[in-house]
Amino acid sequence: VSAIVAGIEVHNLYIHAGGDVPDRALNQKFDHKLDVYERLRAVFAARSADAPVLLVGDLNVAPGEHDVWNHRHMSRIVSHTPVEVEAMAQLQGSL
C-alpha cells in the first residue's frame, strides 16, 4: 500500500521471508526475495519525486546488531545474512 500523507510518500510493504536456505542457487524463494529488494531499489532510485519517503512494513530483514538477541550467531539464517543486510542497506540508500 502506498500513499502520500501530509507531503510524505509512504510505502507499507510485505516482503516474504525467503524460505529456509540462504542460497540463491538452492532456494528459489530466497532468490526471489533478493530480486524483490533489487527491483525496489531500482524503482526508488529512479523516482523523480521530491517528497520525502517513508518505507515501513514487514521487510523480513534484521539489519542491525541489536535487532535480534545475537546477530553474529544468526548471520547464516535467512533474514539475517550479510547479503540480505546489504540488500536492505542498498534499498535504504535509494530512498
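Colleague: In what order do the elements of the protein run from the N terminus on?

Modeller: The order is β-β-α-β-α, which gives two helices and three strands. Helices (H or I, at least four residues) and strands (E, at least two) are DSSP runs, numbered from the N terminus. This is a predicted model, in which local features need pLDDT of at least 70 and side-chain atom pairs count only at pLDDT 80 or more, while totals for chains, interfaces and linings use all residues. Residues are numbered from 1 along each chain as its sequence is written, and side-chain values use heavy atoms, with hydrogens and water left out.

Colleague: What percentage of the residues count as buried?

Modeller: Buried means under 20% relative accessible area, exposed over 50%, and partly exposed in between (1.4 Å probe, protein chains only). Of the 95 residues of this protein, 29% count as buried.

Colleague: Is A46 buried or exposed?

Modeller: A46 lies in helix 1. It counts as exposed because its relative accessibility is 64%.

Colleague: Which residues touch the most other members of the largest nonpolar core?

Modeller: In soluble globular proteins, nonpolar side chains tend to be buried together. A nonpolar core is a set of buried Ala, Val, Leu, Ile, Met, Phe, Trp, Tyr and Cys residues joined through side-chain atoms within 4.5 Å. The largest one here has 14 residues, and Y37, L40, L59 and L91 touch the most other members. Helix 1 (28-46) and helix 2 (82-94) are the elements that give two or more residues to this core. Helix 1 supplies the largest share, five residues.

Colleague: Leaving aside its neighbours within four places in sequence, which residues is Y37 in contact with?

Modeller: Contact means heavy atoms within 4.5 Å. With those neighbours left aside, Y37 is in contact with I15, L59, V61, A87, M88 and L91.

Colleague: What share of the contacts between residues at least 6 apart in sequence join residues at least 24 apart?

Modeller: In this protein that share is 58%. As for overall dimensions, the C-alpha atoms fill a box of roughly 40 × 30 × 20 Å, taken along the principal axes.
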